[in-house]
Amino acid sequence: MSAKSENQKPTKPTLSPIIAGTMNWGVWDKKLSTTEMVHLINICIENKITTFDHADIYGDYTTEAQFGKAFGQSKISRDRLELISKCGIQHTNGRPNAIKHYDYSKEYIIWSVENSLKNLQTDYLDVLLLHRPSPLMVADEIAEAVEKLKQEGKIKSFGLSNFTSSQSELIRSKTEISFNQIQFSATHHEAMLDGSLDYMQLHNITPMSWNPLGTVFREDIDQTRRLKKLLVQLVEKYGVGSDTILLAWVLKHPSHVHPVAGTVNIARIQSLMKAVELPLDNLDWFAIWTESMGNKVP
């Protein structure tokens, strides 16, 4: 690692408290037109959601370019937003790969970032993340790629996605890690029990949470039924929607998690930031955790 003190916080860009996830903007789901993407980008920024989360594979390697076209047409100044992208997953859809695999060679990481920059119509990424850990990743090679990209101004900061604490420690031993995007929600709360969020606090790594609403609105099982019953009471108490309360639950964790919200619904986007200011009290936070587990806290 660099000669910086272990206790010195890494330099990192300031991201919006809630991040706009773009995975569903393109052909994988909503199939937004360029005009619709321009409008959505503006709506997000108007509502103080200035950070946009990408990955090269979204839309089978097409969504970044669609977003970039919209961003270019929007005439929005680059300094008004932050762009995150991920690399490393080699899909069979969209590329001539015989089998899905991971590639974290120095050459591939650099090529992938340069390709994302071209597609997003920007000169730099605010954050580069390695999308998923690979058993074959070589920490020294990753570090060489990251340092080169930083020196050339093509990325401002570096992080991981879906990495365990031990995997993070391996990479962190060679280069600075500023972020780790993980699954964390009221229905998937293992990260606060298995040491992942503790590790991030210890090493000044900012967590991001994908699927921060969990499966509350996607599955009809005992866990989600219990949570929905409680949420009816909390919606009445706080005067906000269930999704706002679930985001506030994630945001209350002291590791300062940034939820990645994938909605393209304008009304929901306009209400997302209410979660940042929602004074969810401790008893209600524990009530949500209790109903998710189906038993009292240990």
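Biologist: What volume does the largest pocket have?

Modeller: This is a predicted model, and the value is computed from its atoms. For the largest pocket, the volume comes to about 780 Å³.

Biologist: Which elements give two or more residues to the lining of the largest pocket?

Modeller: The lining is made up of 32 residues, and those that lie nearest the centre of the pocket are Met23, Asn24, Asn211, Arg218 and Gly262. By class, twelve of the lining residues are nonpolar, twelve are polar and eight are charged. The elements that contribute two or more residues are helix H9 (242-251), strand S10 (258-261) and helix H10 (266-272).

Biologist: How are H8 and H9 oriented to each other, and why?

Modeller: Helix H8, residues 222-238, packs on H9 with the axes 9 Å apart and at an angle of about 95 degrees. Angles of 65 to 115 degrees count as roughly perpendicular, and therefore H8 and H9 are roughly perpendicular to each other.

Biologist: How many nonpolar, polar and charged residues are in the contact of H8 with H9?

Modeller: On the H8 side the contact residues are Leu231, Leu234 and Val235, which meet Ser242, Ile245 and Leu246 in H9. Sorted by class, this contact of H8 with H9 has five nonpolar, one polar and no charged residues.

Biologist: Is H3 parallel or oblique to H4?

Modeller: Helix H3 (residues 63-74) and helix H4 (residues 106-120) have axes 6 Å apart, and the angle at which they pack is about 40 degrees. Angles under 35 degrees would count as roughly parallel, so H3 is, in relation to H4, oblique.

Biologist: Which residues of H4 make the contact with H3, and how do the residues divide by class?

Modeller: From H3, the contact is made by Glu64, Ala65, Phe67, Gly68 and Phe71, while H4 supplies Ser116, Asn119 and Leu120. By class, the residues of this contact are four nonpolar, three polar and one charged.

Biologist: Is the crossing in which H1 passes H3 left-handed or right-handed?

Modeller: Helix H1 (residues 34-46) and H3 pack with their axes 8 Å apart, at an angle of about 70 degrees, and they are therefore roughly perpendicular to each other. H1 contributes Thr34, Met37, Val38 and Ile41 to the contact, and the residues from H3 include Phe67 and Phe71. The crossing in which H1 passes H3 is right-handed.

Methods: Residues are numbered from 1 along each chain as its sequence is written. This is a predicted model: local features need pLDDT of at least 70, side-chain atom pairs count only at pLDDT 80 or more; totals for chains, interfaces and linings use all residues. Side-chain values use heavy atoms; hydrogens and water are left out. Axes are lines fitted to C-alpha atoms, for helices over the stretch in contact, and angles run from 0 to 180 degrees between N-to-C directions. Helices (H or I, at least four residues) and strands (E, at least two) are DSSP runs, numbered from the N terminus. Angles under 35 degrees count as roughly parallel, over 145 as roughly antiparallel, 65 to 115 as roughly perpendicular and the rest as oblique. Contact means heavy atoms within 4.5 Å. Ala, Val, Leu, Ile, Met, Phe, Trp, Tyr, Cys and Pro count as nonpolar, Asp, Glu, Lys and Arg as charged, and the others, Gly among them, as polar. A crossing is left-handed if the near helix is turned anticlockwise from the far one by less than a right angle, and right-handed if clockwise. On a 1 Å grid over the protein atoms alone, a cavity is a set of points where a 1.4 Å probe fits but cannot get out, and a pocket is an open set with protein on both sides within 12 Å along at least five of seven lines; lining residues have an atom within 4 Å of a point. Grid points are joined across faces, edges and corners, and a volume is the space filled by probe spheres set on the points.
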